[in-house]
Amino acid sequence: MTIVLPTTPAAWAIKLSQLLQHIQATTNESIYPIKIQDLACDISKHFFPSDPLVRVCGDTFSTEFDGMMVKKNGQWGIVYNDAITSRGRINFTLAHEFGHYLLHRADLENGIQCGRNEMMKWKSEQRNIEAEANEFASHLLMPINIFREKVNGETLDLNLFQNIAEYFDVSLTAALLKWISFTSKRAMIVVAKDGFVKWAKPSDAAFNSGIYLAYKKNLIELPAQSLAARRDTFFDNMAGTDHATGIWPFREGVREATLLADTYDMTISLLLFNDVAPVRYFGEEMPEEDTFDRFQRMAING
Ligand SMILES: [Zn+2]
């Protein structure tokens, strides 16, 4: 009997999740967080014994990249950069590289190196192996049905998403991007550095009701009264606060929760809007792309 193997990122993630859930049923222990470092070589041995992945580890490099897949003497290895200090980012990087192994290794005889830009690619018009590796990692590490269970009935603030990120062993940004991709809530993630928005990503519901950040001369300054700009360390920024209309540049009030990162003056903000959007003006135009798409386009183009 020929075993039919998955060919898409989502199908591989589902196949592996089913395998792991089968193990969970016998051991009664949660399979989450999925530890790629412990799992990848076993999966390879099971499915591809003649083209094996034999090593998953960290190493020190002078060049700037997050992870890579290499081939030596007919055997594959996955290596992450020791310079990454976030455990969640390491796990996502390893899942990304493992996605390359499962889906793309036939085209990558010379291996591949992936950096921060590659980890942020989520869609493109053509088949893009970086977007596929991310899709695989996201599906495998954070299945939507389990993510939904964690969110249901809970207060939507950054304490919740921080806990969920720890549960799945991914970065807060990865967990927020996952949620924003499937939630029916009107919400937006805003990541800023040195007081300027690096990228922003609205949920579909938010975008469809006119929530986006428009570029002005390529830079958007954080609103002065936002938690992200105020950086008040005595305030419970993770729990957040309600802002009146006009604090953020939208035609409605917004709830903001913000993580003030220790390094680089980075902030990660979750903006939550009322479930019911204000009535739109007749003839109001929709933007052609939001800043996240633009950021991706820039990342893809160089
Ligand atoms: Zn990659």
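Biologist: Are Cys 114 and Glu 130 buried or exposed?

Modeller: Cys 114 is buried, and Glu 130 is buried as well. Buried here means under 20% relative accessible area, exposed over 50%, and partly exposed in between, with a 1.4 Å probe and protein chains only. Bear in mind that this is a predicted model, where local features need pLDDT of at least 70 and side-chain atom pairs count only at pLDDT 80 or more, while totals for chains, interfaces and linings use all residues. Residues are numbered from 1 along each chain as its sequence is written, and side-chain values use heavy atoms, with hydrogens and water left out.

Biologist: Thanks! Which residues coordinate the zinc ion?

Modeller: His 96 (NE2), His 100 (NE2), Cys 114 (SG) and Glu 130 (OE) coordinate the zinc ion, at 2.0 to 2.2 Å. Donors are N, O and S atoms within 2.8 Å of the metal (3.2 Å for Na, K and Ca); water is not among the atoms, so sites may look incomplete.

Biologist: And what spacing do the donors follow along the chain?

Modeller: The spacing is H-x3-H-x13-C-x15-E. Cys 114 in strand β4 (residues 112-114) and Glu 130 in helix α5 (residues 129-141) are 16 residues apart, so this pair links distant parts of the chain. Helices (H or I, at least four residues) and strands (E, at least two) are DSSP runs, numbered from the N terminus.

Biologist: What geometry does the site of the zinc ion have?

Modeller: Tetrahedral, with angles of 92 to 129° among the four donor atoms. Four donors count as tetrahedral if all angles lie between 85 and 135 degrees.

Biologist: New topic: why is strand β3 largely enclosed?

Modeller: Six of the seven residues of β3 (residues 75-81) are buried, so the rest of the structure largely encloses this strand.

Biologist: Which way does β1 run relative to β3?

Modeller: Strand β1 (residues 53-59) runs parallel to β3, joined by six bridges. Two strands pair if DSSP finds at least two bridges between them. Arg 55 has Gly 77 in β3 as its bridge partner.

Biologist: And how many bridges join β2 to β3?

Modeller: Six, between antiparallel strands, with β2 covering residues 67-72. Lys 72 has Gln 75 as its bridge partner in β3. β2 and β3 form a hairpin with two residues between them, and Asn 73 in the turn has a positive phi of about 50°.

Biologist: Nice. What order do the strands of the open sheet have?

Modeller: The five strands are ordered β6-β5-β9-β8-β7, with antiparallel pairing. The edge strands, β6 (196-202) and β7 (241-243), each pair on one side only.

Terms used
Tetrahedral: all angles 85-135°; square planar, octahedral: opposite > 155°, others 65-115°.
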